[in-house]
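Here are my notes for you to read alongside the model. Please keep the sequence and the picture open as you go.

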Amino acid sequence: MSCTKALLMACALMCCAPLASADDTRAEPTLDDVRRSFTEVDRNRIDHISRELALPLPVARKFWPAYNTYLRNRVALRDKQLAALVDYADALNADRLDDATATRLLNDGMADETLRVGNRQQFIRSLGEFLAPQQQMRLYQIEVLLDAQVRAGLLQQIPLAE
């Protein structure tokens, strides 16, 4: 199995979403399958946050539109990161992870990580208009924990650069 296919499979498995129906004969997931898996992760994230925050209706009416905007930004960044992961796997498959490719992927990855953290910080702080500090802290903790769970499983599957 190529590195690209292995990484897509790892992404799909780490997202904990079923990818194939009983009549589906594909043995390996596609990038679209991985995106659908992450959509399921996002639904589970929303369910988890709903349970853990238990917001009163007036606050929920303000919170959920803001959260949905935040989630759309996360999805856009995640799609960019998935594309970079495929680039990395393709470079490994072709045995062409040269200095220029490694530098580009490293710089892009670090910039994306900074953006992801900055977006989360901005979002959590913006909720101070209608969430108590304890609720903001709770949401931050939930977000960090859920991210860590998905990312840890995925990162264990990505081969280190050589």
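This is a predicted model: local features need pLDDT of at least 70, side-chain atom pairs count only at pLDDT 80 or more; totals for chains, interfaces and linings use all residues.

1. Residues are numbered from 1 along each chain as its sequence is written, and side-chain values use heavy atoms, with hydrogens and water left out.

2. Let's begin with the rings. A pair of aromatic rings is described by the distance of the centres and the angle of the planes. Rings of Phe, Tyr and Trp (its six-membered ring) pair if their centres lie within 6.5 Å; planes under 30 degrees apart are stacked, over 60 edge-to-face, and the rest tilted. Searching the whole structure gives 7 aromatic pairs. In one of them, Tyr67 and Phe123 have ring centres 5.7 Å apart and planes at 65 degrees, so this pair is edge-to-face.

3. Where do Tyr67 and Phe123 sit in the chain? Tyr67 is in helix H3 (residues 57-93) and Phe123 in helix H4 (residues 99-126), 56 residues apart, so the pair links distant parts of the chain. Helices here are DSSP runs (H or I, at least four residues), numbered from the N terminus. Both residues also belong to one aromatic cluster, formed by Phe63, Trp64, Tyr67, Tyr70 and Phe123.

4. Tyr67 is buried at 0%, and Phe123 is buried at 6%.

5. Now look at H4 as a whole. Its 28 residues should span 40 Å at 1.5 Å a residue, and the end C-alpha atoms are 40 Å apart, which agrees; the expected span is 1.5 Å times one less than the number of residues. Buried residues of H4 include Leu105, Asp112, Arg116 and Phe123.

6. Two loop residues deserve a look. Ala54, in the loop between helix H2 (31-53) and H3, has a positive phi near 45 degrees without being a glycine, and is exposed at 57% relative accessibility. Asp95, in the loop between H3 and H4, has a positive phi of about 55 degrees although it is not a glycine, and is exposed at 73%.

7. Finally, find Val144 in helix H5 (residues 133-155). Val144 is partly exposed, at 31% relative accessibility.

Notes: Buried means under 20% relative accessible area, exposed over 50%, partly exposed in between (1.4 Å probe, protein chains only).
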